[in-house]
Amino acid sequence: MSAVPILEVENVSKRFGNFVALNNVSTRFEAGKLSAIIGPNGAGKSTFFNVVSGAFPPSAGTLKFQGRDITGTAQHEFARIGIAKSFQITTVFKQLSAHENVRVAAQMRSARYQLLTPRAKLTALSDRAHELLARVGLASLHDRTAADLAHGQQRALEVAMALASEPTLLLMDEPTAGMSPEETKVMMDLIVQLAAERSVIIVEHKMKLVMGICERLLVLHHGEFLAEGTPDEIRANTEVRRVYLGQG
Amino acid sequence: MRQAFEFVRRHRVAAVIAFLMVFPLLMPYHALAINILLFGLFAVGFNLLFGYTGLLSFGHAAFLGVGSYLTGIAMVHGGWPWWAAVVLGVACAGVAGLAIGFLAIRTRGIYFSMVTLALGQIVYYAFYKAERWTGGENGLRGIQVPAVEIGGLRLDFLNPVTKYYVILAFVALALWFVSRILASPFGAVIEAVRENDRRAAACGYDVARTKLLVFVLSALICGLAGALRALHLSIVPIDSLHYLLSGQAVMMCLLGGMGTFFGPFVGAGVFLTLEDVVTVFTKHWMAVVGGVFMFFVLFFPSGIWGTLVKRMERVR
Amino acid sequence: MEITPSLLALQLVTGIALGAVYALLAIGLSLIFGMLTVVNFAHGAFFMVGAFIGLYFMGLTGNFWFSLVLTPLVVGALGLVTERFLVRPLYGRGIDYPLLLTFGLSWVLIEAMRVMFGIEGLPSSTPPELRGAVDLGIGFFPKYRLFLIFATAVVVLALWLFLEKTRYGLIVRAGSRDGEICKVLGIDIARVWLVVFGIGTAIAGLSGVLAAPTRAVNPEMGIHVLAESFVVTVVGGMGSLPGAVLAGLLVGIVFSLTSLFAPDLAELSIFVLMAVVLLLRPQGFFGKQGLMS
């Protein structure tokens with residue numbers, strides 16, 4: 001286990017006009033762990049996710065990845081430096097096939113601006129895409145148009161796409177949103193497997209899911225830091241219990 | 001039938017060229033055939049940005065016009081040989097694409113269409129006012145290409161049939177180029193950006209730079225169409241730069257099928273033939289073409305070729 | 001030519017009058033865009049139709065005021081028909097489709113005017129009551145231009161009152177910010193869209209009838225006007241009514257003053273202004289940041 005945290009958030013705030021979505025949040029995520037960001041609705045989880053995943057910069061504060069300051073880095077740089085993400089609302093290339101979705105994600109590292117070689121020649125990328133599809137259980141659906149996949153399958157596709165860039169850190173915004181209990185189990189098992197190989201941070205509001213599998217939790221409330229620690233520590237935390245009373 | 005369709009699509013460049021080689025024999029007169037060639041190329045360039053990347057520009061006449069004018073100016077004022085003038089025309093169109101693209105990319109969605117229209121008008125007014133070089137309202141005149149010399153062969157450019165095949169040679173080259181781009185890894189990036197630019201960025205692609213690069217490539221193709229048009233007409237009318245001509249490219253692309261390889265040519269053919277046929281009966285062809293276009297927008301947005309492709313794929 | 005203060009003032013007034021026309025056009029565009037997310041590429045054509053119909057009614061009745069009231073109603077009605085039968089079927093498809101449709105419509109409208117009134121256009125003239133000039137102390141100013149400015153101010157005020165003070169205006173404003181709210185409140189959003197499109201095109205028609213005495217009235221007059229109203233919208237910020245007014249005035253003044261000092265660069269100047277705004281503040285002076293990049 002490395003000493004340098006995979007992600008450091010220092011005094012990060014985010015304002016939208018007069019509305020303060022995040023207020024002076026500081027925390028560290030350790031490398032190699034499966035961590036979760038939890039909190040009741042309106043806690044600022046999505047805003048926090050968007051800031052650390054590069055969707056927009058913070059209004060104040062610093063973001064560090066493996067010790068390097070990445071505050072204000074453009075969105076497309078994130079995947080290049082090793083941070084990949086999946087969105088809360090499934091965001092895939094709807095009119096492309098499942099295989100092509102993953103293949104184009106995998107292509108990023110090696111062939112962005114090649115104009116004249118036929119991409120059909122890049123068989124290594126195509127094979128890699130097939131491997132990733134198999135990893136998430138979509139091997140048989142590789143030539144199906146993404147728009148025609150079931151909801152759970154689309155979310156699995158997005159995971160495959162995120163993995164395609166070989167990330168050191170995988171960020172997932174409510175990975176089980178809209179899924180049936182069976183699909184949820186499959187996704188959570190996949191996440192645990194993925195966390196064995198890299199750092200994973202997920203945003204979740206289903207407490208039961210994260211308590212079982214996550215090693216570290218960050219609790220947000222009204223855009224502010226409330227608590228952080230292991231599931232046991234969080235369970236015992238009186239502040240957290242007060243905030244979550246009645247919520248499951 | 002379906003197998004023939006698939007074969008044609010897989011060998012698209014060859015198919016288009018083969019068709020275009022016999023095309024003059026099908027057309028009532030050669031000027032129409034040449035016009036369809038030139039506007040087809042214009043529409044192909046435009047389609048790269050609109051159909052494949054999803055960016056609706058209303059200022060593409062600027063690139064056609066810059067290609068035409070710079071080619072003409074080099075020949076008329078500079079005495080350059082035609083082939084060097086064409087290279088200059090294309091290059092300048094690319095530079096214009098870089099400048100306009102850089103400013104336009106800063107906008108999103110529908111705003112983009114308005115901005116490209118207005119930026120295109122800057123070029124229009126600039127060339128309109130630079131009378132000494134461009135002839136202003138009367139256009140640039142006196143572009144003479146009596147003959148084209150390739151190797152030892154001397155081709156009579158004034159003969160419309162010869163002219164057609166010389167221009168076709170350039171168009172074929174451009175089509176090959178476009179086909180390669182579309183089949184390349186970059187072509188995949190273009191489609192990804194069109195489908196979902198947020199996802200493309202999350203995957204690591206610089207969306208703005210991608211769009212700008214497509215803009216420039218599109219401008220180069222349209223610039224070539226313009227350069228060849230200058231050689232064909234021997235003049236460059238000022239309307240070459242007006243947004244109404246940009247609108248024609250849009251119409252042709254939609255009528256034929258945007259985002260398809262054959263669509264732009266089909267659209268150009270339909271548009272220009274329709275214009276020709278309608279003017280026989282009435283001078284109010286704009287109303288007819290406008291009406292036909294609205295009909296397609298409402299009921300056949302995939303265009304003629306695009307609808308055909310969809311029918312074929314549904315049968316699968 | 002010597003630039004005297006009174007010449008400058010005159011040019012300024014001309015610029016404000018021109019700006020008033022631009023402001024009205026931009027307001028119509030912004031209303032339609034803010035509410036329906038549609039860029040009306042036929043806006044210049046509706047302006048042109050307004051000019052023609054305005055002159056026609058004036059010729060028919062000899063009464064400018066009658067024409068001033070009736071023309072926007074006629075053009076607005078045309079807008080209602082357009083929205084209901086041509087634009088509405090396209091909601092839910094990509095954002096480009098209504099734009100494309102209105103572009104095709106502009107071709108039909110231009111040709112329709114050619115059919116009805118001939119390709120040369122109509123001779124325009126200032127209504128007799130508003131001819132001549134008025135002495136405002138610092139110089140003589142054309143009555144009609146002053147009237148144009150005044151009329152525009154009245155229309156803008158009326159519109160502001162409608163949007164801020166009436167219930168329907170509240171719905172329009174709410175709708176433009178969040179269409180979902182209307183659905184939740186049980187308001188027929190389709191009806192609101194229809195009315196807003198009608199109002200937007202009616203204002204375009206009104207600007208046409210107001211502008212007719214100041215320029216040549218021919219079927220092509222809307223073509224350049226469309227481009228110019230886009231400039232105003234970019235500078236002011238799409239979807240912003242104060243932006244439309246201020247940017248309209250600014251663009252009109254810039255054009256007018258440039259015509260005085262460097263006539264050759266007049267048309268170019270306003271487009272260069274737009275390019276500069278794009279470089280420094282792409283969302284326009286009053287535009288919302290979300291619309292840009």
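Modeller: Before we start, one definition: two residues are in contact if their C-beta atoms, placed from the backbone, lie within 7 Å. Keep in mind, too, that this is a predicted model.

Biologist: Let's go up a level, to chain contacts. How many residues of chain B are in contact with chain C?

Modeller: 35 residues of chain B, which meet 39 residues of chain C. Then ask which elements supply them. On the chain B side, helix H6 (109-129), helix H12 (243-256) and helix H14 (285-299) each give at least two residues. H6(B) gives the most, with 14 residues.

Biologist: What is the make-up of that side of chain B by class?

Modeller: It divides into 24 nonpolar, eight polar and three charged residues.

Biologist: Now the other partner. How many residues does the contact take from chain B and from chain A?

Modeller: 22 from chain B and 27 from chain A. Here the side of chain B draws at least two residues from each of helix H8 (160-183), helix H9 (185-195) and helix H10 (197-202). H9(B) gives the most, with eight residues. By class, that side of chain B has 12 nonpolar, four polar and six charged residues.

Biologist: H8(B) came up there. How do I read the way it packs on another helix of its own chain?

Modeller: Look at the distance between the axes and the angle at which they cross. For H8(B) and helix H11 (residues 207-233) of chain B, the axes come within 11 Å and cross at roughly 180 degrees. Angles over 145 degrees count as roughly antiparallel, and that makes H8(B) roughly antiparallel to H11(B).

Biologist: Which residues meet between H8(B) and H11(B)?

Modeller: From H8(B), B:Lys163, B:Ile167, B:Phe170, B:Ala174, B:Val178 and B:Ile181; from H11(B), B:Leu217, B:Ile221, B:Leu224, B:Leu228 and B:His232. Sorted by class, the contact has nine nonpolar, one polar and one charged residues.

Biologist: On to strands. How do I read a pair of them?

Modeller: In general, side chains in a regular strand alternate between the two faces of the sheet. For a pair, check the bridges and the direction. In chain A, strand E1 (residues 7-16) and strand E2 (residues 19-29) run antiparallel, joined by seven bridges. For instance, A:Val12 has A:Val25 in E2(A) as its bridge partner.

Biologist: What do E1(A) and E2(A) form?

Modeller: A hairpin, with two residues between the strands. In the turn, A:Gly17 has a positive phi of about 65 degrees.

Biologist: Last one: which domains does the assignment give for chain A?

Modeller: Domain 1 (1-82 + 169-248) and domain 2 (90-166). Their C-alpha centres lie 26 Å apart, and 10 residues of domain 1 of chain A are in contact with nine residues of domain 2 of chain A. On the domain 1 side, helix H6 (residues 181-197) of chain A gives the most, with four residues. That side has seven nonpolar, two polar and one charged residues.

Note on methods:
Residues are numbered from 1 along each chain as its sequence is written. Chains are lettered from A and ligands numbered from 1 in the order in which they are written. This is a predicted model: local features need pLDDT of at least 70, side-chain atom pairs count only at pLDDT 80 or more; totals for chains, interfaces and linings use all residues. Domain bounds come from an automatic or database domain assignment. Ala, Val, Leu, Ile, Met, Phe, Trp, Tyr, Cys and Pro count as nonpolar, Asp, Glu, Lys and Arg as charged, and the others, Gly among them, as polar. Axes are lines fitted to C-alpha atoms, for helices over the stretch in contact, and angles run from 0 to 180 degrees between N-to-C directions. Angles under 35 degrees count as roughly parallel, over 145 as roughly antiparallel, 65 to 115 as roughly perpendicular and the rest as oblique. Two strands pair if DSSP finds at least two bridges between them.
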